[in-house]
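Dear colleague,

I am passing on the structure we spoke about, and would be grateful if you could look through it alongside the notes that follow.

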Amino acid sequence: LVKKRDVIAALNKQLCGPLDDSAPSRIPLPIVLVLGNHSSGKSTFINHALGRQVQHTGVAVTDDGFTVIKPASRDGNMDGHAFLGDANEGFSPLKRFGDDFVNHFVLKMQANLGLKDMMFIDSPGMIDAKGATSAGIGRERGYDFLGVVKWLARQADVILFFFDPAKPGTTGETLDCLTKSLSGLEFKLHIVMNKVDSFHNIHDFARAYGSLCWNLSKVIPRKDMPPIHTMYIPTNDAATASSGTDADNVFRQHLHTTITNVLGYVKDAPRRRADNLITRTRKDVELLKLHASILRLARHELMRLNCCCTALLLVLVTLWVVFAYAVAISSSASRWGTSFPLSEWLSLLSLPEDTDVHQGLLAICFIILAVALMLLPFWSHARSSRIRRLAQSDTLDQLFRCGRGREPQVGMDVNDETLLAQWTSVKTHMKDALPMIFKLHRVSTAQLKWLDKALDDLERLQRQVNHARGK
């Protein structure tokens, strides 16, 4: 699978493809990414899951950056520059987000953790800065926060998104993160409403839960709401656990069961690792295959224009060679005082009677040469205009719809919703690739067949993984 991803990355670079530069196969351990509002209990949950105090907790902001928590033989810390400088760790692509981000990225190596076969990533709490606008959301930290979250989310195997009763999904940064950074990753996202033990009565709980559902419904483009896990982190203080609430024991037992389920998702990260990697690779292959197939069709369209212009240029060159040869013969005939053998044929051109044959032929050669030279800029302009027209959304959609029969390697129904969603993603990158289409590598039939074979191999690998689990 690692070798396939290397080939996919190389082919994507050759074709200016739609895939990003992330490489999940390079990250050695499964990842649990913890996101959420400020003071929603993210760090407290991580400490609870790991069985020891790793992260600082409190009502005020205790962390202003991303923290990777990794099991090790002894405790130790590493700053972002040193951590991202090690390509073997797999996080090196994050350096592109700049020094402002790297300065707020830390690795914590911890011994004696309760979960030793995965790493956690704690994130800064999401909170809207005073006076922030929708255009500036995600940039108040000095770097592209939403871009960082998107990159980490693609690598993660389990994503936990925490909300708390005081801010049930009302911050713009939170909603932007859900719609922009986590789009398409719902299959590994779990939404958690934490700290429900802080409610004084069931009515407060219902009001906060309803507010969270209402806010999420505005950004989730589906009729059905995703499951929301209501829970709290249990403490050893029995008095605190039983005070300030009129919820009965059945309700508390339900909340306790919920945190057990959430911890189960976390412990399932190693199993999800294999599934996510196969799924990610399969989606990348499908996107690259669609990109390569449409790029090949676009090249064929442009090659038809090239063939017409090339044929016309060859005709002009041939005529020029013929008349240049005639000029040479005419010059020889004049020098030796013999008659020009093509005089009768030349009379068909209706030249004036007093026109010298040699000069007439020479003029025709210059005319042909001038037409050929004018054809070259016309050819270049026509090709540029055709590329610009192909890069338009309507033309690309028409090429996508009408080219199915001519490009069987795509091999999918044009009415397939999955294919249409893939095309929406590919079309943006296709507009960037078309202006340099003749500088890119030509898409060969062998490459398309390799992508087809890669999809078959991934399907077979998924069956083997499922069989090994006893599914």
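**Notes on the chain**

Just after helix 2, Gly 51 takes a positive phi of about 80 degrees; helices here (H or I, at least four residues) and strands (E, at least two) are DSSP runs, numbered from the N terminus. Please bear in mind that this is a predicted model, in which local features need pLDDT of at least 70 and side-chain atom pairs count only at pLDDT 80 or more, while totals for chains, interfaces and linings use all residues. Residues are numbered from 1 along each chain as its sequence is written, and side-chain values use heavy atoms, with hydrogens and water left out.

Helix 2 itself (residues 42–50) is mostly covered, with seven of its nine residues buried, where buried means under 20% relative accessible area, exposed over 50% and partly exposed in between (1.4 Å probe, protein chains only). Those buried residues are Lys 42, Ser 43, Phe 45, Ile 46, Asn 47, Ala 49 and Leu 50. In the loop between strand 1 (31–36) and helix 2 lies Ser 39, which has a positive phi of about 60 degrees although it is not a glycine, and which counts as buried because its relative accessibility is 19%.

Asn 112, in the loop between strand 4 (105–110) and strand 5 (119–122), also has a positive phi, near 60 degrees, in a residue other than glycine; Asn 112 is exposed, with a relative accessible area of 66%.

In helix 1 (residues 2–14), Arg 5, Ile 8, Leu 11 and Asn 12 are buried. They cover an arc of only 125 degrees around the axis, which puts them on the same side of helix 1; the arc is that of the directions from the helix axis to the C-beta atoms. The face of helix 1 turned away from this buried side carries the exposed residues Lys 3 and Lys 13.

**Pockets and cavities**

The largest pocket holds about 1,100 Å³ of space and is lined by 36 residues, of which Lys 150, Arg 154, Ser 183, Leu 287 and Ser 425 lie nearest its centre. On a 1 Å grid over the protein atoms alone, a pocket is an open set of points with protein on both sides within 12 Å along at least five of seven lines, a cavity is a set where a 1.4 Å probe fits but cannot get out, and lining residues have an atom within 4 Å of a point. Helix 5 (145–155), helix 10 (269–336) and helix 14 (417–433) each supply at least two residues of the lining of the largest pocket, and the largest share, nine residues, comes from helix 10.

A search of the whole structure finds two cavities of 30 Å³ or more. The second largest cavity, with a volume of about 30 Å³, is lined by Leu 295, Arg 296, Arg 299, Ile 437, His 441, Arg 442 and Val 443.

**The chain as a whole**

The chain has 15 helices and eight strands, and buried residues make up 46% of its 471 residues.

With kind regards

Notes. The expected span of a helix is 1.5 Å times one less than its number of residues. Grid points are joined across faces, edges and corners, and a volume is the space filled by probe spheres set on the points.
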